[in-house]
Amino acid sequence: MIEALSEIILELESAVSSIASQSVEHIHENEVIFTMGKSQTVEAFLKNAARKRKFHVIVAENAPYLDGHQVASNLQKAGLDVTLITDSAIFTIISRVNTVIIGTKSIFANGGLKAYTGTHSLALAAKHHNIPLIVCASLLKLSPEYFANTNNLPELLPCDDVLSTDFHPNLTVLNPSFDYVPPELINLFIFNTTKTAPSYVYRLIREMYAIEGDEDELF
């Protein structure tokens, strides 16, 4: 068991560096890159590109936990040119962006994302302006599960994280644990050993989980 866990940790660590090494193929001189959510992989991706390219990064603060503050600080300390914005400013700013690059919590069998809250709105804004959205993730984040009903709310986190003061009992505060981002809003996945379109994700999952049968059976 310990040996298996050590192998997984080693693979995760090597995945970050493998993905980061591909960054100069996707980030070009003087571009504006947008990111959202705290992702070690995306941070490494941007930092690696900054060694050879000069570009600007816009980071959404990602309320209510404000993970973007730490991301912006980390990138700034690494010498990148960074702007931190509120989540409500995403649609206003997005038209100035060349590429959106994000991480994800996991990837569903249809190529959709279990992503940080707020990512769906970002993906819709990028789609509206025809801005490519790239997802950087380890192959270990591929899941054979499928988010079957997008009308259902995901697991909710404590409402106190959104509104910490006393509030009227008739007020309902929703704090979803993740956003579902459908595959049609994603342009490219960059994995540690390959890169692919969302439509090809199910094939990778087949190989990883040794699933046989028709594509429909996977879901």
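Tutor: Strands are DSSP runs of E of at least two residues, numbered from the N terminus. The model before us is predicted. Strand β10 covers residues 195-196, and T196 is found in this strand.

Student: Is T196 buried or exposed?

Tutor: Buried means under 20% relative accessible area. T196 counts as buried because its relative accessibility is 9%. With neighbours within four places in sequence left aside, the contacts of T196 are L188, F189, F191 and L204.

Student: Where is S177 found, and which backbone oxygen lies 2.8 Å from a polar atom of its side chain?

Tutor: The loop between β7 (133-136) and β8 (179-181) contains S177. The oxygen in question belongs to the backbone of E155. S177 has a relative accessible area of 13% and is therefore buried. Beyond four places in sequence, S177 touches K105, T117, P154, E155 and L157.

Student: How should I read the nonpolar interior?

Tutor: In soluble globular proteins, nonpolar side chains tend to be buried together. Here the largest nonpolar core has 35 residues, of which F34, V100 and L113 touch the most other members. Among the elements that each supply at least two residues of this core are β1 (32-35), β4 (99-102) and α6 (201-209). The largest share, 4 residues, comes from α5. Apart from this core lies another, of 18 residues, including F45, F55, I134 and C136.

Student: Which residues does L113 touch, not counting those up to four places away in sequence?

Tutor: Among them are I102, F108, V135, Y180, V181, I186 and F189. The contacts of L113 also include T104, S106 and D179.

Methods. Residues are numbered from 1 along each chain as its sequence is written. This is a predicted model: local features need pLDDT of at least 70, side-chain atom pairs count only at pLDDT 80 or more; totals for chains, interfaces and linings use all residues. Side-chain values use heavy atoms; hydrogens and water are left out. Buried means under 20% relative accessible area, exposed over 50%, partly exposed in between (1.4 Å probe, protein chains only). A polar contact is a pair of N or O atoms within 3.5 Å; within protein, one must be able to donate a hydrogen and the other to accept it, and residues adjacent in sequence count only if both atoms are side-chain atoms. Contact means heavy atoms within 4.5 Å. A nonpolar core is a set of buried Ala, Val, Leu, Ile, Met, Phe, Trp, Tyr and Cys residues joined through side-chain atoms within 4.5 Å.
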